[in-house]
Amino acid sequence: MATKTQNSRAWLFVLPVVVLVAFNALIPLMTVVNYSVQETFGDNVFFWEGVKWFEQVLHSERFHASLLRQLMFTSIILMIEVPLGVAIALSMPKKGIGVSVCLVLMALPLLIPWNVVGAMWNIFALPDIGLLGRMINGLGIDYNFTQQPGAAWFTTILMDVWHWTSLVVLLAYAGLRSIPDAYYQAAKIDGATPWAVFRFIQLPKMKRVLTIAILLRFMDSFMIYTEPFVLTGGGPGNTTTFLSIDLVKIALGQFDLGPAAAMSLIYFLIVLLLCWVFYTLMMRHEAQ
Amino acid sequence: MGLSWMAWTWPTAAFFVFILLALVAMAVWEWRSPGGGPRRGILGLDTTRGDRLFISLLGSAFIFLAWLGIYGAPWSSPWSTRCWCSAWCRALSL
């Protein structure tokens, strides 16, 4: 027999959130949809263009290039931050004052505003006065992130890893701390190796929090704007111009609201699709 | 201040009315027949009615984009994309 899946009164409690989301997400989204099919030269005058902007964006080499850069950046930082975050969480102390010290240290990068992170790393990595820049050049490696695409990518990735690995660490650590001691005791009795403990106890128990961590990092990195904008401004050339930077250049720099709106919607659909695929695959794996 | 800054058009308004009506219809359906109608479809996923609506809409959006990207506008036949979307939605509901 079918049963009610939820308590209808709960809707009353989520009503304030629904209203808030309507104002900060749905209304702007509806406006973007409206802009995406029209042309404007300002003064609230619009001309119907149909799907012209979507076609233009889909055939734009500039869009393809920034999408490719974005996918590469997201893939690289996920491949670094997730294993590194888990490794740091595993090496953190389990009890004593060290726990509080480590947690505070880990939380610090997350508390710094994104534009400040960009400015910090900009100064830190400058080849003439920055500590990192001078150190790398001192090792005999020619490094200048303002002129070399490879150095710009290296610095951007390093900055993101510094800023966001802590999030993975904190989530993974929370997952690790929720494992009852009985599991470890049973593993010890069976003579399990540290790798076996990680593979068959810790990793499965962390799967749920790691799902959230990967999803959050994927979404954040796929929509990254402030940090690379402050650090490199999308340069040198366009080598670190990710999707959101390109979008802002089109919308505000060129005031092409129609193409920018169409690009925003395609961007939004890609994020939605990838998030759904990630979530479905991980939930399916968990169910199995 | 009116809503002129939102630049409404009849086609986009109709699109959002359709989405709203679909959500209302789904809510009424769930109220009349609770449980979400779970089913394992052609994707091999356990989905509820809401999941199937979401996947249908998302898939349809990508079918339109793919058609536009491959064939461009003016569309050789707008009905072709509608047929593909209908087939996609029908397949999901099986």
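Me: Into which domains is chain B divided?
Reply: This is a predicted model, in which local features need pLDDT of at least 70, side-chain atom pairs count only at pLDDT 80 or more, and totals for chains, interfaces and linings use all residues. Residues are numbered from 1 along each chain as its sequence is written, chains are lettered from A in the order in which they are written, and side-chain values use heavy atoms, without hydrogens and water. The bounds come from an automatic or database domain assignment. Chain B is divided into domain 1 (1–34) and domain 2 (39–94).

Me: Which three residues supply 64% of the area that domain 1 of chain B buries against domain 2 of chain B?
Reply: Buried area is the accessible area (1.4 Å probe) that two parts lose on being put together, summed over both. The two domains of chain B bury about 460 Å² between them, 73% of it on carbon and sulfur atoms. On the side of domain 1, more of the area comes from these three residues than from any other three: Ile19(B), Met26(B) and Trp29(B).

Me: Which residue forms a salt bridge with Arg49(B)?
Reply: A salt bridge is a side-chain nitrogen of Lys or Arg within 4 Å of a carboxyl oxygen of Asp or Glu. One salt bridge is counted between domain 1 and domain 2 of chain B. For Arg49(B), the closest N and O atoms are 3.0 Å apart, and the partner is Glu30(B).

Me: How many residues does the contact take from chain B and from chain A?
Reply: Chain B and chain A bury about 2500 Å² between them, with zero salt bridges. Contact means heavy atoms within 4.5 Å. The contact takes 28 residues from chain A and, from chain B, 27 residues.
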